[in-house]
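Let us take a walk through this protein together. Please have the sequence and the 3D view ready.

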Amino acid sequence: MPNYMTTSDAKACESCGETFGCGAKLEGCWCAEVELDPVVSDKLKTIYNDCLCPRCLKALAKADKTEANEIL
């Protein structure tokens, strides 16, 4: 897995607690490359107030809606 700590802000994933780098203030953050189903994306916004780590976000992107609902 790439080292996401090279981006500007260190954060802890609200889902699993893993520390990762957030590049939201930079152009081209890794999370912009992750495509989530709109329903899953909307649900994430109701559950979490901040970022999820690459592993958690990518797992949700791979899951279908039913699996994502079970994860969340």
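**A guided walk through the fold**

Residues 24 or more positions apart account for 51% of the contacts in the protein with a separation of 6 or more, where a contact means heavy atoms within 4.5 Å. Before going further, keep in mind that this is a predicted model, in which local features need pLDDT of at least 70 and side-chain atom pairs count only at pLDDT 80 or more, while totals for chains, interfaces and linings use all residues. Residues are numbered from 1 along each chain as its sequence is written, and side-chain values use heavy atoms, with hydrogens and water left out.

Now for the overall layout. The protein has three helices and two strands, and from the N terminus on these elements run β-β-α-α-α. Both kinds are DSSP runs numbered from the N terminus, with helices being H or I of at least four residues and strands being E of at least two. The accessible surface comes to about 4,800 Å², and 49% of this surface belongs to carbon and sulfur atoms; such areas come from the Shrake-Rupley method with a 1.4 Å probe, and for residues only the protein chains shown count as cover. Of the 72 residues, 28% count as buried, a label for under 20% relative accessible area, with exposed meaning over 50% and partly exposed lying in between.

Let us start at the strands. Strand 1 (residues 9–12) and strand 2 run antiparallel and are joined by four bridges; two strands pair if DSSP finds at least two bridges between them. Here A10 has G21 in strand 2 as its bridge partner, and K11 stands opposite F20. Six residues lie between the strands of this hairpin, where G17 takes a positive phi near 90 degrees.

F20 leads us on to the aromatic residues. A search of the whole structure finds one aromatic pair. The partners are F20 and W30, arranged edge-to-face at 6.1 Å centre to centre, with 80 degrees between the planes. Because F20 lies in strand 2 and W30 in the loop between strand 2 and helix 1, the pair ties together parts that are 10 residues apart in sequence. For such pairs, the ring centres of Phe, Tyr and Trp (its six-membered ring) lie within 6.5 Å, and planes under 30 degrees apart count as stacked, over 60 as edge-to-face and the rest as tilted. F20 is buried at a relative accessible area of 2%, and W30 is buried at 8%.

The largest nonpolar core holds 14 residues, of which C13, F20, W30, L44, L52 and L57 touch the most other members. Strand 2 (19–22), helix 1 (38–47) and helix 2 (54–62) are the elements that give two or more residues to this core, and helix 2 gives the most, with three. A nonpolar core is a set of buried Ala, Val, Leu, Ile, Met, Phe, Trp, Tyr and Cys residues joined through side-chain atoms within 4.5 Å.

Finally, how many disulfides are there? With a disulfide defined as a pair of cysteine sulfur atoms within 2.5 Å, the count comes to zero. C53 is in no disulfide, and its nearest cysteine sulfur, that of C56, is 3.6 Å away. C53 is buried at 0% relative accessibility, and C56 is buried with a relative accessible area of 15%.

Conventions
Buried means under 20% relative accessible area, exposed over 50%, partly exposed in between (1.4 Å probe, protein chains only).
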